Amino acid sequence: AAIANDDVREARRLVERIGGLTFTSVGVLVLVAPVFVLLLASIALKRPTALAAGIVYWTVAGLIGASLSILGVLYTSHALVSAFAVVGGAFAGLSLWAARTPRDLTAMGVFFANGLLGLILALLVAAFFPASGLITLIDLAGVVVFSGLIAADTQRLKRLYRETAEPEALHAASTYGALTLYMSFVNLLQLVLGLSGARGRR
């Protein structure tokens, strides 16, 4: 047990030495890689098939898994559970509101999608020129952006189920939709953890 604890502490020291952002500079690239995969897929696959959607799904899921592996090293179990509970509650509330509201959230989705591109650029800049104030601002902006995307994507996915008749097209669209919601949830979790500042030893 003592050896295992030493290994965990050494891993945490290594992580903290190679970066000072929400994650490391390399971790930031891993974090945004799934977004780039989705963007490229949406451009290259104008009419995605179920097979293509499955390939993109598992590629992005693997990249997200790589980005999440660092959480257990950086944060305490209490911080992880607390953040998951907060984000899970927010996700459920936003999705319920988006599914029930008569308001069209399409314009809001476009606005926050553009905000996401700005957020990615800001993350890349902060990866090489870190500043605590800038990182906090990015985290706060990210919480707003991903909260908006969760609501807009939920309504968009609901509309797809109503309007898409072809089974394969529905399967591909629902896979992409579920994946974007999952990514928004994961990124929101990471941002909340970053804002909590609850790093430390277990």
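Let's start with a question: leaving aside its neighbours within four places in sequence, which residues is Asp153 in contact with? They are Thr180, Leu181 and Ser184, where contact means heavy atoms within 4.5 Å.

Before I go on, a word on what you're looking at. This is a predicted model, where local features need pLDDT of at least 70 and side-chain atom pairs count only at pLDDT 80 or more, while totals for chains, interfaces and linings use all residues. Residues are numbered from 1 along each chain as its sequence is written, and side-chain values use heavy atoms, with hydrogens and water left out.

Okay, the overall picture. Buried here is under 20% relative accessible area, exposed is over 50%, and partly exposed is in between, using a 1.4 Å probe and protein chains only. Take the contacts with a separation of 6 or more: 84% of them are between residues 24 or more positions apart.

Back to Asp153. You'll find Asp153 in helix α7, and at 11% relative accessibility it counts as buried. The side chain of Asp153 makes a polar contact of 3.2 Å with the side chain of Arg156. By polar contact I mean a pair of N or O atoms within 3.5 Å; within protein, one must be able to donate a hydrogen and the other to accept it, and residues adjacent in sequence count only if both atoms are side-chain atoms.

Now slide over to helix α8, residues 167-196, where Asn187 sits. Asn187 is another buried one, at 10% relative accessibility. A polar atom of the Asn187 side chain lies 2.9 Å from the backbone oxygen of Met183.

Next, the aromatics. Rings of Phe, Tyr and Trp (its six-membered ring) pair if their centres lie within 6.5 Å; planes under 30 degrees apart are stacked, over 60 edge-to-face, and the rest tilted. By that rule we get 3 aromatic pairs. In one of them, Phe84 and Phe185 have ring centres 5.6 Å apart and planes at 75°, so that pair is edge-to-face. Phe84 is in helix α5 (residues 77-100) and Phe185 in helix α8, so the pair ties together parts 101 residues apart in sequence. How covered are they? Phe84 is partly exposed at 49%, whereas Phe185 is buried at 14%. Phe185 also pairs edge-to-face with Phe91, at 5.6 Å centre to centre and 85° between the planes. That pair again links α5 and α8, with Phe91 and Phe185 94 residues apart. Phe91 is partly exposed, at 22%. Phe84, Phe91 and Phe185 form one aromatic cluster.

Last stop is the outside. Which element holds Phe129? Phe129 lies in the loop between α6 and α7, and it is exposed, with a relative accessible area of 61%.

That's my tour, so over to you.

Conventions
Helix = DSSP H or I, 4+ residues; strand = E, 2+ residues; numbered from the N terminus.
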